[in-house]
Amino acid sequence: MTNLSLYQTAPPGFELSTDERAFLWQQVLNHSINGLVGLVAVREGVSPDGPIVNFQYRFANNTALRDTLGNNHEESADITGRLLTDFFPTVRETKLWQTYIKVIETNEAQRVEQTYKVGDHDVWIVQSAAPFGRDGLLLSYSETSDLHHAARRLARQTTLLNGVLNSSPNAIVVFEAVRDDQHNLLNFCIALTNQQFERLISQTPMHFTGLLLTDIYPVKPEWMEQLRHMLDTGDAICFEEYAPSLDRWFNVTLNHLNDGFVATIQDVTEAKQLQQQLEATVQELHRSNHNLEQFAYVASHDLQEPLRKIVSFGDVLNDQFTEELSAAATDLIQRMQVSAGRMRSLVQDLLTFSRLSGDAKTFSPVDLNKLIDLVADDLELTIYDCKAQLTVDPLPMVQGDVALLRQLFQNLLSNALKFQQIDSAGTPIPPQVRISGYVATESDLPATLLDGPSAEGQFAVLTVADNGIGFDERYLDKIFTIFQQLHGRMQYDGTGMGLAICKKVADIHGGYITASSQEGNGAIFRVFLPRA
């Protein structure tokens with residue numbers, strides 16, 4: 001210990017005595033968290049320049065003793081005077097031995113890092129070897145395993161992050177702020193890009209290193225102000241951009257990150273093209289609707305006027321020239337008037353069907369109990385003439401258009417009264433019609449109403465049941481198509497538009513209509529409408 005000196009010269013006013021220096025040195029040995037070891041070279045023979053064959057311990061602090069002798073060593077243990085090979089027999093075969101020799105020969109300090117296997121774990125040690133005195137070595141070492149484990153974790157996280165970035169279908173670019181000495185924002189510099197961005201621009205990652213935002217995008221002063229606001233508040237920026245050079249549309253989202261931002265660039269070209277196609281289709285529909293309105297005008301005026309004249313001229317012939325007409329001519333005139341009347345009904349029903357429309361925004365709660373009373377009043381004479389029995393149960397409230405729903409139930413009730421059965425004596429059987437309703441469960445609903453959120457309790461079911469002639473369910477889809485009739489005009493009048501109108505009204509309300517029946521056993525029509 002006498003050959004060691006902490007200070008060759010002490011600063012003025014801080015001179016230490018020999019005892020003080022010895023005490024200070026002992027404190028360093030005892031309390032250093034690093035291992036401290038003093039070695040002196042052992043040479044072959046008596047020559048001071050002979051080859052080094054070993055090293056002898058001159059001192060070791062508590063950390064070094066614990067690492068050398070194990071945690072259970074006695075506090076009084078001392079390895080001074082022992083040889084290095086007593087504890088590390090294979091040290092001459094290691095890199096450390098060559099390092100020690102080099103320090104002695106060059107009188108220059110060296111640093112070396114080595115890995116050891118301890119059980120199932122890798123242990124990293126960093127050791128510094130410095131010369132002191134003649135043939136002396138001062139070793140200082142520390143374990144850096146935690147740093148290496150942290151570096152490995154960081155490397156794995158970096159690999160994972162790069163994997164996430166590169167697996168994204170969107171292009172991602174990270175920008176860092178560029179500021180002057182006064183911390184004023186000047187620009188942004190590209191810090192990171194993912195592979196999708198590189199493929200989009202058709203450039204290698206090295207191309208973007210050090211590029212500024214203004215190098216790749218024309219940033220206006222107001223845009224820079226928005227970016228500055230984003231850094232201050234953290235508010236995201238979203239916008240849509242067309243890149244003429246790529247002929248692509250992009251949705252761009254900028255999110256604050258540290259002193260910069262992350263740009264997520266989503267290619268929406270296909271969606272944009274579909275949107276443009278949809279807008280074109282909507283415009284075409286508007287044109288078609290306009291043409292349909294023009295047709296409706298023609299049907300309500302120009303087409304009906306000739307029909308009125310045909311009927312009127314027929315009435316004049318029958319009234320003023322009856323005696324001059326033969327029976328065959330009178331029959332032809334009557335057939336002409338019937339056909340003209342039927343054509344007139346067809347045009348009116350088609351006009352009604354084409355004008356059916358509704359907007360859910362204007363729908364309001366509808367009391368079906370009051371609405372059915374109004375429909376029954378409208379059909380009061382028909383109900384009386386056919387001696388029908390109409391039963392109406394309490395009905396739920398629905399959301400809809402009163403005029404359209406009134407037309408729907410008037411058509412259903414008219415059909416129930418019209419298609420009467422005939423008994424064996426050829427006498428019509430009085431109709432028995434029952435209208436009822438309830439709140440539908442999901443098991444009641446057709447598949448078309450089950451899409452999206454739960455429809456439980458969202459719809460009301462209205463049923464119109466009769467004891468009429470019924471129909472074969474093979475023709476269920478046919479009965480809701482325009483101009484479709486299952487029975488001849490000689491038996492039952494009509495144009496085949498009533499149920500088509502009912503279906504269109506149900507569709508306008510986002511509902512559904514269906515029916516069940518057997519020939520000769522009546523029919524039950526079910527209408528599903530949204531509840532109020």
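**Exercise 1.** How many aromatic pairs does the count come to?

*Solution.* The structure is a predicted model, in which local features need pLDDT of at least 70, side-chain atom pairs count only at pLDDT 80 or more, and totals for chains, interfaces and linings use all residues. Residues are numbered from 1 along each chain as its sequence is written, and side-chain values use heavy atoms, with hydrogens and water left out. Rings of Phe, Tyr and Trp (its six-membered ring) pair if their centres lie within 6.5 Å; planes under 30 degrees apart are stacked, over 60 edge-to-face, and the rest tilted. By this rule there are ten aromatic pairs.

One of them joins Phe 55 and Tyr 100, edge-to-face, with 5.8 Å centre to centre and 80 degrees between the planes.

**Exercise 2.** Describe the pair of Tyr 242 and Trp 249, and find the charge over the ring of Trp 249.

*Solution.* Tyr 242 and Trp 249 form a tilted pair, 5.1 Å centre to centre with 45 degrees between the planes. Tyr 242 is partly exposed because its relative accessible area is 32%. Trp 249, at 25%, also counts as partly exposed.

A charge sits over a ring if NZ of Lys or CZ of Arg is within 6 Å of the ring centre and within 35 degrees of the ring normal. Lys 272 lies over the face of Trp 249, 4.5 Å from the ring centre.

**Exercise 3.** Which strands stand at the edges of the five-stranded open sheet?

*Solution.* Two strands pair if DSSP finds at least two bridges between them. The order is β12-β14-β15-β17-β16, with mixed pairing. β12 (389–392) and β16 (512–517) are the edge strands; each has a single partner strand, so one side of each lacks a neighbour in the sheet.

β16 pairs with β17 (residues 523–530) in the antiparallel sense over six bridges. Within these strands, Ser 516 stands opposite Ile 524 of β17.

Terms used
Buried means under 20% relative accessible area, exposed over 50%, partly exposed in between (1.4 Å probe, protein chains only). Helices (H or I, at least four residues) and strands (E, at least two) are DSSP runs, numbered from the N terminus.
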